[in-house]
Structures are given as structure tokens and as C-alpha cells.
2 protein chains.
Amino acid sequence: MSTRGRGLHGQLLETLGPAITAGEYPPGSVLRTDELAQRFEVSRSVMREAVRVLESMHLVESRRRVGVTVRPTAEWNVYDPQVIRWRLAGADRPRQLRSLTVLRSAVEPVAAGLAAQHATPEQCAELTECALGMVANSRGHQLEGYLFHDVNFHRVILNASGNEMFARLGDVVAEVLTGRTHHEVMFEDPDPAAVTLHVRVAEAVRARDAARAEELTREITLGALEELDILAPNARPATTG
Amino acid sequence: MSTRGRGLHGQLLETLGPAITAGEYPPGSVLRTDELAQRFEVSRSVMREAVRVLESMHLVESRRRVGVTVRPTAEWNVYDPQVIRWRLAGADRPRQLRSLTVLRSAVEPVAAGLAAQHATPEQCAELTECALGMVANSRGHQLEGYLFHDVNFHRVILNASGNEMFARLGDVVAEVLTGRTHHEVMFEDPDPAAVTLHVRVAEAVRARDAARAEELTREITLGALEELDILAPNARPATTG
DNA sequence: TGTGACAAATAAGTCTGACTTTTTCTCGCC
DNA sequence: GGCGAGAAAAAGTCAGACTTATTTGTCACA
């Protein structure tokens, strides 16, 4: 059992959650708390608390006289950061990465447009700083340094949008970018065109040019999507008609 | 205590969740499980399970020797459907509605564009059916019938996009639309222009015209946003610079 | 006066066993 | 074959004892 997670119930969660999201217990499977508690050598109270949390994530449903049933994938709370992390660590990571990148391509351009209208001077400054940091780390395999500034850049944009729902996607974007750098093939330095685009977005926001900030950010996210489709073409859904 | 929710712990959750999201226990407040268990006349196990769930929603943090601390608003899992429902039922409902509508305006146009590429013939048919249903209920105060088809229309679009993250926003959109019809001022029949736009989106999807589907959907969501700003102008964040 | 170690207090965390409640299955009856 | 009573099964609830981590306070020592 994983040792991460605060407390016994936390450790249990870090074992059961990934197991379920990985399909180890496929949808429709029925688990029994008592049996699981014995198997993992924890008390029923600990197991019950873990099951409660899984239930709140819509991963399972607990019913009397039946047991704990794994719910169909379509019902899972896929916006829960913990669920996202579990799934990104699992086997169909490429598909997850693509879903999330498509989400980014919808959200971030709009967020950038709003950021151009609402960003404080401090946020503008931080944005410029991030962009410069990306430039400074764009050559010579300084991937960690580049990643750090890249993540922060997108976080600032999302926060500066002034929209709470956008702001909360900062962690998701961070996961995607980190995943891309660490787990995908990324031997080469980042695309110079992408770096330039970030610099220009920072400029557009500072200049309060919402339309330009939006369009440039759209180019960034669509670029990320194309890059992904080159690396893992099979994750792209087929086009009908 | 609310009687909704399965089981005692569920009822407790339906009491504590809304109380916390409504700011009744402001961020930083410290609760003690024993005290709460006494107050609500439940056993500690039940209270502990409820707290676990609140913790998984990042509404509270539980620490030994300290107690259960309410976390700052910015850390809440605002994409959790239950949290969304609690907040929409609370005092700052207008602000929530606006945040969610802005999210819609970012996501739905892109989803519609993808739907035009990926929708199955069945989904195209259902879309048309929904649009016709909206037309049929657009006059003479048939608000419930109109709402039903409206919700379904947007659900089909999000599902047909083929993107899991988009699809899971169907419930959110349903909440927003339902809230707009039931709780906001909506004496008059729906805007005829909006109805027409829905019909045209259905046509565009059927014709596999992604660009047009996207643009028309953008008009729908931006219209919804404007409508909201007329009804509750104070929920709109100030523009800097 | 400050500082470090040690002790006490506190609240969450864990375990166990008994009991309740709901739901479902089964079996006998009509 | 349908229907109702009863048995069985698994989650749900409760109470109490015990454990552990963390904070806070105290006291000796520098």
C-alpha cells in the first residue's frame, strides 16, 4: 500500500483511488468494505472513511445489502485534482493529457482576454518576468527552469482573468505542463515560436489588448495540441462524417 | 438539519457543506469534531466521515491537535458539482452564476466546433429535436418545456464534442440554465434571437460546419452573459487600467 | 534574557464489538 | 406464475477505550 497520504485512510485512498481509475476494479465491480478492510489490514472505520471520499468523487456508489459499486467512467468527477493526478499516473495517460489540453485550448485564450482587461500592474510585471524567464531557459537543455516559468506564466494568466473557475484550473495546467516535460519525449529545447508567443502575450496584456492576448494564447494552446498529436496520434478521436 | 442526503452522514454533509460555502464558518475558523458531533447529535464516526468528504472537497483541513480548519475560498474544489450546488443555493449566487456563465462562454463554442466534427447521426437528430422543442415552447410562457429542451440541447453538444472534460460540464450548464429560469427574474418568453441561434447551431453541426457551429454558439453564450449583466450588473468585476 | 529540552495537554486518528436498518433474495403458498 | 412473509446480507450507526502527533508551556541552564 502506498505510504503517501496523511493518515491511514489517506494511504488507503492513494491505493484504492489509482486502482479504480486505472480500471483494476472495472465499473460495475462490487467491493465489500469488510473484505477490503481485512485485505488491507485496516479497521472498518478507516476503510469506511476512504470509501466515503471515493463516493464523493463519484468513483463508487455505496448501497445497503449490495456493497460498494464502481461507477461508470462517465460519472466520475474528472475535475477533482486528485482524480486527475491518479488518471495521469495511469495507463491511459495520453488520452487524459489530450482531453486536458483541449480544455486548455478552450479556456486559456478567453482567460488571457479577460486578463488583459483585469490584470493588476503587479500581475503584468510577473507575467513579463515569467516570459523573460522562459526566454532565458529556452536554450541548452534547461528544461526544469523553463517549465517553472511556463507553469507560472499560465497560472498568472488564469488568476488575472478574475474568474474563479479559470483560476482553479491553474493546478490542472501545471499537471499537464509538468507531465509533458517529465514523462513525454522531450529531448529537444522548447519550440522558439512558442517562447516568442509567450513574450507577445505578456506584451498584449500589459498593453490591455484583449483581442490580441486572446488570439496569441489560442496559438499557444493549439500549438501544444498539435505537438501532442504528433507524439501520440492514437489519442486523437476519429472524425465522423 | 437537512433531511436530504443518503444516510446520517449525508444529511450532515448537506448541513455543513452549505454552511461553510455560505461563509457561516469563515475561512480560518476551527471546528472540533467532538463538539460538532454533540451539537448535531450524531456519533463521532458519522461526523468524521462527513469531515473526510469536506476535506476531499478542500473545504476544510483536518490537523491533529488543532482541529478542522476551514480553508480559504480560493482553495475550494469549485468544480465539484455538490459544491457548485451549495454555492448556487447561497447568498452570492449572482457571482457564481456569472463565473459559470463565463466558463460556458469559453467552453461551449469550442465544444460545438468539435461536435460538428464528431457528432453521430443520432446526436445530430437529437440536437435538431431539441431545437425544434425549444421553438415549440418559445411562446406563451411554457418556460418549463423550453428549459427542458434547452438543457438537453447543450448536454448533447457537450457530449458530442467527444471530449470527456467538456461532457462532464453538462451538469453545470444544467444548473446554470435551471437557476436562470427558476430563480432569476424571467417573466417574459425567451429571446427569439436565441431560439433561432440554437436552430442554426443544430443545422451547422448537421452540415459539419465546425467554424459556423462555434461562432453561433459563441453568440449564444455571449448573449447569456449580457443578459446576466443586465439582471445583476454588480456581479461583473471592474475593469482595470 | 534567551534558549533548548522535556513534560503535559489536547484533539484527531485508530480499533473493536455490538447493534440497527435497509434492501434483496428465497421459499412456500395461493 | 405471481405474491407476500421471512431470512440473510451488507452497509450504517453507536459507544468507549486506546494511540499518536503536535502544540504549548515550563523549567533548568547558559
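How many cavities of 30 Å³ or more does the count come to? The count comes to 10 in this predicted model, where a cavity is a set of points on a 1 Å grid over the protein atoms alone at which a 1.4 Å probe fits but cannot get out.

**View 1. The largest cavity and its volume.** The largest cavity holds about 70 Å³ of space, a volume being the space filled by probe spheres set on grid points that are joined across faces, edges and corners.

**View 2. The lining of the largest cavity.** Chain A contributes A:Tyr79, A:Pro81, A:Arg168, A:Leu169 and A:Val172 to this lining, and chain B contributes B:Trp76, B:Asn77, B:Val78 and B:Tyr79, lining residues being those with an atom within 4 Å of a point. Seven of the lining residues are nonpolar, one is polar and one is charged.

**View 3. The fold of chain A.** Chain A comprises 11 helices and three strands, taken as DSSP runs (helices H or I, at least four residues; strands E, at least two), and their order along the sequence is α-β-α-α-β-β-α-α-α-α-α-α-α-α. Along the principal axes, the C-alpha atoms of chain A fill a box of roughly 65 × 40 × 40 Å.

**View 4. Burial in chain A.** Of the 241 residues in chain A, 54% are buried, that is, under 20% relative accessible area with a 1.4 Å probe and protein chains only.

**Notes.** Residues are numbered from 1 along each chain as its sequence is written, and chains are lettered from A in the order in which they are written. In this predicted model, local features need pLDDT of at least 70 and side-chain atom pairs count only at pLDDT 80 or more, whereas totals for chains, interfaces and linings use all residues, and side-chain values use heavy atoms, with hydrogens and water left out.

Definitions and conventions. 1 Å grid on protein atoms, 1.4 Å probe; cavity = no way out; pocket = protein on both sides within 12 Å on 5 of 7 lines; lining within 4 Å. Nonpolar A, V, L, I, M, F, W, Y, C, P; charged D, E, K, R; others polar. Buried < 20%, exposed > 50% of the residue type's maximum accessible area, 1.4 Å probe, protein only.
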